[in-house]
Amino acid sequence: MKLTYYWIFTTRPQSFLSPRECAYSVLRLRRLRLWEFTSRDGRKIVVRHAMPEDARHMHDGFCAVVEEGKWLPTLTPNGTISDWISWIHRARTSRNVLLVAEIDEQYVGHLSLQPEEWDASQHVASLGLIVMKGYRGIGVGRSLMHVAEEVAIENEFEKIILSTFSSNEKARRLYESLGYELVGIRRRHFKMFGAYVDEALYEKHLSPEMGSH
Ligand SMILES: CC(C)(COP(=O)(O)OP(=O)(O)OC[C@H]1O[C@@H](n2cnc3c(N)ncnc32)[C@H](O)[C@@H]1OP(=O)(O)O)[C@@H](O)C(=O)NCCC(=O)NCCS
């Protein structure tokens, strides 16, 4: 079951705010929202927008998944905690989205949405997702994906794209179960520790009428 609520409300009635202040407070409220889900083992999964205090967990979490050497095309842990703090700040003032998931108030994974680089592709968000080893298979990834779609629509994205190693069956099953369409395979796109890996490309149109070409 999903429950969405705000944990801080503005104390000033919206009618007393200028349009710019209104837009800012709506954005602020959106960033303070929490979503709750129940994990397969009965625990509460909380999904929320990332805050600067999450930077260290996100950095360490990303490095831990890179170190597994199986799931991401990054070969060695990179970036610094400061990079993550900058990204979180950017996400609070732009259409970038960074969501974290927590169980028992512990960071267990995160998801990013970034506008595509081209001017003409600003309606397209590129999605990245990791869940910490030890918390996989209990619904964390699915919870983050559900919230991502809701937030993407709010941020005026019309399509989400993502890619994964074609050998990553868990990820592919998750994306396909949520209606992501396989739109191509890039053969031998990555070389992971000497072995070629194909890349599976997925996309989902967020407004139903855009689904057909
Ligand atoms: C792929 C990943 C994000 C999925 O997140 P997750 O929290 O483990 O997935 P969920 O528990 O929400 O499961 C969602 C679906 O994934 C699939 N799945 C999850 N665990 C699975 C497993 N052990 N075997 C097969 N399918 C599995 C199922 O389709 C599942 O659907 P269900 O909930 O109806 O059973 C996560 O396993 C992960 O971070 N892996 C390492 C990093 C990675 O691969 N990131 C994605 C790169 S594109």
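## Starting at Ser 39

Let's begin with one residue and its surroundings. Leaving aside residues up to four places away in sequence, Ser 39 touches Ile 45, Ile 103, Ile 138 and Gly 139. You'll find Ser 39 in the loop between strand 2 (33-38) and strand 3 (44-49). Bear in mind that everything here comes from a predicted model.

Is Ser 39 buried, exposed or partly exposed? With 18 other C-beta atoms within 10 Å, Ser 39 is partly exposed, because a residue needs 20 or more to count as buried.

## The overall layout

Stepping back, the protein has five helices and nine strands. Follow the chain along and you get the pattern β-α-β-β-α-α-β-β-β-α-β-α-β-β.

There are 213 residues in the protein, and 24% of them count as buried. Take the contacts between residues at least 6 apart in sequence: 60% of these join residues at least 24 apart.

## Helix 2 up close

Helix 2 (residues 55-68) is worth a look by itself. This helix has 14 residues and reaches 20 Å from its first C-alpha to its last, close to the 20 Å expected at 1.5 Å a residue. Just past its end, Gly 69 takes a positive phi of about 70°.

Which residues of helix 2 are buried? They are Ala 55, His 57, Met 58, His 59, Gly 61 and Phe 62. The buried residues of helix 2 pack against helix 3, strand 4, strand 5 and strand 6 (124-131).

## Where helix 2 meets helix 3

Two packed helices are described by the angle between their axes and the distance between the axes. Helix 2 and helix 3 (residues 81-93) pack at an angle of about 120°, and their axes are 8 Å apart. That angle makes helix 2 oblique to helix 3. The crossing of the two is right-handed.

As for who touches whom, helix 2 brings Ala 55, Arg 56, Met 58 and His 59, while helix 3 brings Ile 81, Trp 84, Ile 85 and Ile 88. Sorted by class, this contact has six nonpolar residues, one polar and one charged.

How far apart are the end C-alpha atoms of helix 4? They are 22 Å apart, which agrees with the 21 Å that its 15 residues should span at 1.5 Å a residue. Buried residues in helix 4 include Val 140, Gly 141, Ser 143, Leu 144, Met 145 and Val 147. Further along, Ala 148, Val 151 and Ala 152 are buried too.

Just after helix 4 comes Glu 156, with a positive phi of about 65°, in a residue other than glycine. Glu 156 lies in the loop between helix 4 (140-154) and strand 7 (159-165). Glu 156 counts as exposed, with 12 C-beta neighbours inside 10 Å.

## Another positive phi

Asp 104 has a positive phi as well, of about 50°, although it is not a glycine. Where is Asp 104 found? Look in the loop between strand 4 (97-103) and strand 5 (106-115). Asp 104 is exposed, with 9 other C-beta atoms within 10 Å.

Definitions and conventions:
Residues numbered from 1 in each chain as written. Predicted model: local features only at pLDDT ≥ 70, side-chain atom pairs only at ≥ 80, totals over all residues. Axes fitted to C-alpha atoms, helices over the stretch in contact; angles between N-to-C directions. Helix = DSSP H or I, 4+ residues; strand = E, 2+ residues; numbered from the N terminus. Parallel < 35°, antiparallel > 145°, perpendicular 65-115°, else oblique. Left-handed = near helix turned anticlockwise from the far one by under 90°. Contact = placed C-beta atoms within 7 Å. Nonpolar A, V, L, I, M, F, W, Y, C, P; charged D, E, K, R; others polar. Expected span 1.5 Å × (residues − 1).
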